[in-house]
Number of protein chains: 2
Amino acid sequence: MSKRVTIKDVAEQAGVSVGTVDRVIHNRGRVSQDVKEKILQVMQELDFEPNLIASTLAFNRSINIGVLMPTLHSDPYWDQPLLGMRRAQRAVKHYGVILCEQTFDLFSPQDFQNKATQIIAQKPDALVFPPIFLKESLTILDLCAQAQIPTILINTDVEHPHVLSYIGQDSYQSGVLAGKLLHYAIDGDGAVLLINLDKETTNAKHLLDKESGLRHYFDQNRARALPIVRRDVEEFDNPGYLKKLMQGLIQQYPNIKAVFVSNSRAYKLVEAIKEEAFADLCMLGFDLLPSNLHFLHEGKIDFLINQNAGYQGYSAIKNLTDYFIFKKQLPRVQHLPLDIVVAENAAYYLQRELGN
Amino acid sequence: MSKRVTIKDVAEQAGVSVGTVDRVIHNRGRVSQDVKEKILQVMQELDFEPNLIASTLAFNRSINIGVLMPTLHSDPYWDQPLLGMRRAQRAVKHYGVILCEQTFDLFSPQDFQNKATQIIAQKPDALVFPPIFLKESLTILDLCAQAQIPTILINTDVEHPHVLSYIGQDSYQSGVLAGKLLHYAIDGDGAVLLINLDKETTNAKHLLDKESGLRHYFDQNRARALPIVRRDVEEFDNPGYLKKLMQGLIQQYPNIKAVFVSNSRAYKLVEAIKEEAFADLCMLGFDLLPSNLHFLHEGKIDFLINQNAGYQGYSAIKNLTDYFIFKKQLPRVQHLPLDIVVAENAAYYLQRELGN
DNA sequence: AATTTTAGGGTGTGCGCACACGCAAAGGTA
DNA sequence: TACCTTTGCGTGTGCGCACACCCTAAAATT
């Protein structure tokens, strides 16, 4: 039960008062050099570790975390990180962590910038956001640097000296992994259709990275390299269009055996073509959206790579708590696992995204 | 910044003192029925939530968690949960969580029982152990029930009314999942070798469950069902024996195309046969041991199913902290994800097992 | 009727730390 | 010499809660 060392013990041992020890701990000055050294030495000897529980209680301030995310329910993927953050907030609210949420239109860079400016004006203790729009995000990061607001990025990384930490997937490696899975799924040869269901306006860097990764995998494995057909589709909300596109592609490239949907919208493609004769293509997509899981269990989707969208948000808030309360250093980059999800192991991951 | 509601607020609002409110919160009696109801009502109205930080500080007691595990370094698999527990302890030590470790000989039921009795005699606040030996474990669980020591099981579940929670893999489902992976890996037909590298003395229930799962998968998918050849090998530490065994099996069943090693010892088999001509078999094993990872990256092992051994331990300690400090209910069964690990996504999982 | 018991409730202290404030001595200025 | 400023350090209070202890009046016992 060896009692823990307190600052009182340190004070006695060093022959000073607790106030002086406290000043040394917080570098608040008003201590002579020799007394300071003596105290530091005693802390070493006694292996003093401050009681963070008592510290948090006495500190008695709340930590306001600014959160800038796409509007809830505008896109099923983007709900997950926000919900993850709220779960995390519930878990650490005892430490006084509060979220200041601000949402923006997923397809409007202007709105993004406006809302970001608004939230910075509130002077939060930290800021979390996904840098969906590259140019605007750099501007915002400059503002944060100026206002000295530590910033965590999720989903997409951006090079900027002020970024405290990036939490998210390794897009390139997820492409490599997809290559491996397609490699297993396609017996013999065939072609792969790579399809980007996204609008031009959004930052597409992570999509390009995935493509590079996929190509890299096949380049490294010449023996079983597969030709890649690529299409970018902005009209992903138009099933008729998707259907015709696919019919045309299958006719043009009859050896297409697998489809790689580079983001979370695989279900949109499946919905559009599920009645077609060629619907038994091997299908690989991303993320555990309800619609994707539905088709995974139906056998219409073979693999989902889980980018842990919910956990990204959860982790961002937890990390900031560690940073502020427990004074932990954060690594510049935190790549989350790329989970290979098939029907047989989906339940566990889903539970993790929702619960906890 | 809406100030949080404290018990003082509740007391004032209800027209009583904080001591009375405190008695109601902890059900310590000495409060008349109507006053109690009044206070409960006020707590509802004000949405009072106790400040767990202050509560923990005032409580000022340590929580001793008894940990009963196989001796460190006797088996690489069994190191992981123990190390995970130590990591968790470091993360929650502020709450006064202390581990009382006791280790036993992995192959001696008698030693297990002795050490368990010893640790219970120390009256810990909770106990965590893997019920490796079924009969002895039931006895221990009876003792725990009698001494009112909440108990968490890891790695293997056991039916017993006193078990607070089981944290570990779903063995059956991991067999099913293995079936799916072998299904993908084997083009056309072939046979699967199922090999148990374990001693009879250890509880083999989870191995049987894995086999059932595997067979179930093939039964459900008649179209691509594969015949299964099964062997139990106790001499897994004898490479020469393993080599001869495999040579004989390949000769007898030339259509064996894949090997399913039902536990973490796949590396022992690979080491024994890596020079052989038939070493390009599809190999599936369990767990991220350094040796397994080595062969995964070398291409000698195709898939590892990660049972999250380290996280099991980590999670057990975290759960008990939640249980004691945050008064959370624990689910009776907590199945951890069955991660499909290939060379391309191994790094992330390894990081999680070590760091965090 | 006198005494003990008990129900019902209040008060005070401490958990370990953060921080404002007080206070003396040393140094500086008029 | 009288008066301010700075340096260096101690003291006291509060964070919200847990719990031991104290107090009063009513009920039970003798």
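The residues of the surface near DNA strand C divide into 13 nonpolar, ten polar and four charged, where Ala, Val, Leu, Ile, Met, Phe, Trp, Tyr, Cys and Pro count as nonpolar, Asp, Glu, Lys and Arg as charged, and the others, Gly among them, as polar. This is a predicted model, in which local features need pLDDT of at least 70 and side-chain atom pairs count only at pLDDT 80 or more, while totals for chains, interfaces and linings use all residues. Residues are numbered from 1 along each chain as its sequence is written, and chains are lettered from A and ligands numbered from 1 in the order in which they are written.

A residue is taken as near a strand if its C-beta atom, placed from the backbone, lies within 6 Å of it. Around DNA strand C there are 27 residues, of which Thr6(A), Asn51(A), Ala58(A), Ser17(B) and Gly19(B) come nearest. At least two residues each are supplied to this surface by helix H1 (7-14), H2 and H4 of chain A and by H2 and H4 of chain B; helices (H or I, at least four residues) and strands (E, at least two) are DSSP runs, numbered from the N terminus. DNA strand D is likewise surrounded by 27 residues, the closest being Ser17(A), Gly19(A), Thr6(B), Asn51(B) and Ala58(B). Two or more residues of the surface near DNA strand D come from each of helix H2 (18-25) and helix H4 (52-59) of chain A, and from each of helix H1 (7-14), H2 and H4 of chain B.

Chain B can be laid on chain A with an RMSD of 0.2 Å by a turn of 180° and a shift of 0.1 Å along the axis, the superposition being by least squares on the C-alpha atoms of residues with pLDDT of at least 70 in both. The two copies are therefore related as by a two-fold rotation axis.

Where the chains meet, 28 residues of chain B are in contact with 29 residues of chain A, contact meaning that the C-beta atoms, placed from the backbone, lie within 7 Å. On the side of chain B that touches chain A, two or more residues come from each of helix H4 (52-59), helix H8 (171-185), strand S12 (339-341) and helix H14 (346-354) of chain B, and H8(B) gives the most, with six residues. This side of chain B is made up of 16 nonpolar, seven polar and five charged residues. Because 100% of the interface residues of chain B are also interface residues in chain A, the copies meet through the same surface.

Chain A is divided into domain 1 (7-50), domain 2 (61-169 + 309-333) and domain 3 (171-306), with bounds that come from an automatic or database domain assignment. The centres of domain 1 and domain 3 of chain A, taken over C-alpha atoms, are separated by 61 Å.

Two asparagines of chain A have a positive phi. Asn27(A), in the loop between H2 and helix H3 (33-46) of chain A, has a phi of about 50°, and Asn27(A) is exposed, with 8 other C-beta atoms within 10 Å. Asn308(A), in the loop between strand S10 (303-306) and helix H13 (309-324) of chain A, has a phi near 60°, and Asn308(A) counts as buried, with 27 C-beta neighbours inside 10 Å. A residue is buried if 20 or more other C-beta atoms lie within 10 Å of its own, exposed if 12 or fewer, and partly exposed in between, with C-beta atoms placed from the backbone.

Conventions. Two residues are in contact if their C-beta atoms, placed from the backbone, lie within 7 Å.
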